[in-house]
Amino acid sequence: MLQKILNILKIEKPGNFIEKIGNFIENKIKPIFTTLLYLRVPLTIALFSLLLFVFVDQTLDIYRSIALENDIDKATISTLFVTILSILVWYSGRLLEYKKKTKNQLWLRRLPRLLGAVPLASLSLGIVRANSAAPNFFLNCWFIICCIATIMVFLFFINRRNLFKSENALGFLKLNNVLAVEDDNQGLFSDRFENIFVNVAYILFSGFSLPIIASNSKTSIGVIAIFILGILVNGILLLWHREQKLDILILYLISLAANFIFLFKMPTVALVNNIGTVSIVAISLSVMVVVFATIYHWGIENKIPALTAIILLLLISSLLNLNDNHQIRQLATKANRELPTLETSFDKWLASREDFEKYREQDKPYPVYLVSAQGGGIFAAYHASTALSKLHDSLPNFSQHIFAISSVSGGSLGASAFSSLVKENIDNQEPLEKKAIKLFGQDLLSPLLSMGLFPDLLQRFLPFSINTWDRAIGLEIAAIAFW
């Protein structure tokens with residue numbers, strides 16, 4: 001039977017067949033897996049961008065929100081930072097491929113170009129998905145611009161050598177001398193690029209987090225830790241690049257000056273709200289691809305599993321709760337305060353109703369409303385607040401007939417917002433629904449993301465906790481700033 005199968009497949013001997021399979025795996029399959037493994041950092045970041053920009057429903061809602069507000073500035077800034085992310089993913093992959101000891105087939109050496117196109121292509125695809133439910137002219141235009149940007153960036157990847165030739169008008173930029181080194185004994189990027197990039201990343205880290213962290217106290221541990229971080233990263237640069245002491249000192253002084261501006265002059269959430277959530281995600285991924293690619297290459301060159309050690313540190317710190325910085329800020333209350341019973345609360349509430357006597361004189365039953373608000377994040381909060389506010393505007397006496405609101409999660413936030421708006425809306429000059437829409441129309445996500453993707457993300461790799469680096473503080477401070 002085996003011989004018949006071999007005859008049909010025109011294979012003379014089983015040994016030759018197995019040898020051909022082995023050769024195929026060795027020459028065709030193995031180079032692919034080896035290249036993907038070596039490009040694990042840019043590959044991972046490219047896949048993360050695909051996931052975050054295309055398949056997260058909240059991201060699609062952000063696209064729709066930008067379109068509904070016709071926010072051209074935020075769309076432009078978002079596209080710009082995703083473009084920078086694409087370039088850094090490509091260039092990190094290109095340098096890793098260039099410095100790899102073994103050379104692959106031509107198409108595998110071009111793989112970084114495909115990885116670099118993923119973030120911009122993902123942004124385009126995400127906009128298409130956001131536009132599929134309810135077509136929008138703004139989203140259509142944004143999609144076309146992103147497609148053009150993707151094509152132009154990909155063409156740049158292909159024709160960059162011609163663009164930066166010495167005889168070219170742009171040749172004076174000497175891009176390769178700024179970004180990378182040709183010497184295999186040096187790092188992945190050039191010393192100058194590392195010095196500039198690290199300090200720019202540090203300034204962004206401070207700008208996104210320092211105003212928020214310092215809003216409660218300008219001398220908190222979190223604020224001090226950010227200043228220490230600046231000293232630490234520039235100290236490491238100084239150890240690596242001793243011949244560039246003056247450059248590093250100037251960059252550090254610029255970073256220090258930026259820190260004091262963020263600390264004393266910058267409004268708490270101004271920067272993060274102006275650039276938006278898409279840009280924050282793109283900037284975070286851009287920093288990660290350069291940092292982790294550099295660490296990975298350094299580990300390969302020195303035969304140290306640097307990335308593995310970092311991941312183990314993250315897992316150990318998290319599993320042992322060494323870096324648990326999530327705490328709930330509590331208000332001082334009277335100890336052992338007894339809660340009234342349901343009957344007592346209802347009798348007291350009913351006695352305080354201004355129109356109760358009117359209903360009793362007319363021998364009419366007094367309307368009592370019990371409200372239930374479901375959970376569901378910001379959608380539930382928006383729905384509960386605006387629905388109750390609309391009823392209040394339509395029926396002015398509706399609010400004073402509500403005895404209790406039972407709610408959970410986002411519904412609780414919406415119910416609390418409605419209760420506060422009713423108490424503040426004494427003059428009734430502006431519809432309560434309009435106030436509720438304005439209240440929940442603020443960007444509460446960007447401050448949360450800026451804290452989550454910068455200080456709180458770094459916290460995951462530390463074996464100790466810094467409580468003021470908690471990402472929840474971003475949401476808390478944003479709510480205080482807007483509400």
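Leucine 68 counts as exposed because its relative accessibility is 67%, where exposed means over 50% relative accessible area, buried under 20% and partly exposed in between, with a 1.4 Å probe and protein chains only. Leucine 68 lies in helix H4, and its C-alpha atom is separated by 8.4 Å from that of asparagine 136, 68 residues apart along the chain.

## Basis of the description

This is a predicted model, in which local features need pLDDT of at least 70 and side-chain atom pairs count only at pLDDT 80 or more, whereas totals for chains, interfaces and linings use all residues. Residues are numbered from 1 along each chain as its sequence is written, and side-chain values use heavy atoms, with hydrogens and water left out.

## Overall make-up

The protein chain contains 22 helices and 2 strands; these are DSSP runs numbered from the N terminus, helices being H or I of at least four residues and strands E of at least two. Of the 483 residues in the protein chain, 40% are buried.

Among contacts (heavy atoms within 4.5 Å) between residues at least 6 apart in sequence, 76% join residues at least 24 apart.

## Nonpolar cores

The largest nonpolar core has 48 residues, and those with the most contacts inside it are Phe53, Tyr63 and Trp142; a core of this kind is a set of buried Ala, Val, Leu, Ile, Met, Phe, Trp, Tyr and Cys residues joined through side-chain atoms within 4.5 Å. At least two residues of this core come from each of helices H3 (40-54), H4 (57-68), H5 (72-98), H7 (111-133), H8 (137-163), H10 (191-213) and H13 (270-302). Domain 1 (18-161) and domain 2 (190-326 + 445-482) each contribute at least three residues to this core, the domain bounds coming from an automatic or database domain assignment.

When its neighbours within four places in sequence are left aside, tryptophan 142 is in contact with Tyr63, Ile66, Ala75, Ser78, Thr79 and Ile127.

## A nonpolar surface patch

Ile311, Leu312, Leu315, Ile316, Leu319, Leu320 and Leu322 make a nonpolar surface patch of about 700 Å². Patches are made of residues with over 30% relative accessible area and no salt bridge, like charges being joined within 9 Å and nonpolar side chains (Val, Leu, Ile, Met, Phe, Trp, Tyr) within 5 Å. Leucine 312 lies in helix H14 (residues 306-319) and counts as partly exposed, at 46% relative accessibility.

## Salt bridges

The structure holds 5 salt bridges, each a side-chain nitrogen of Lys or Arg within 4 Å of a carboxyl oxygen of Asp or Glu. Asp456, Arg460 and Arg471 are linked in a network of these bridges. Arginine 460 meets aspartate 456 at 2.7 Å, N to O, and both of these residues are buried, aspartate 456 having a relative accessible area of 2%. Arginine 471 also forms a salt bridge with aspartate 456, again at 2.7 Å; arginine 471 sits in the loop between helix H21 (455-459) and helix H22 (472-482), 15 residues from aspartate 456 in helix H21. Arginine 471 is partly exposed, at 37% relative accessibility.

Another bridge joins arginine 360 to glutamate 357, with the closest N and O atoms 2.6 Å apart. Both residues lie in helix H16 (residues 356-361), 3 residues apart, about one turn of the helix, and glutamate 357 is partly exposed, with a relative accessible area of 37%.

Key. Accessible areas come from the Shrake-Rupley method with a 1.4 Å probe; for residues, only the protein chains shown count as cover.
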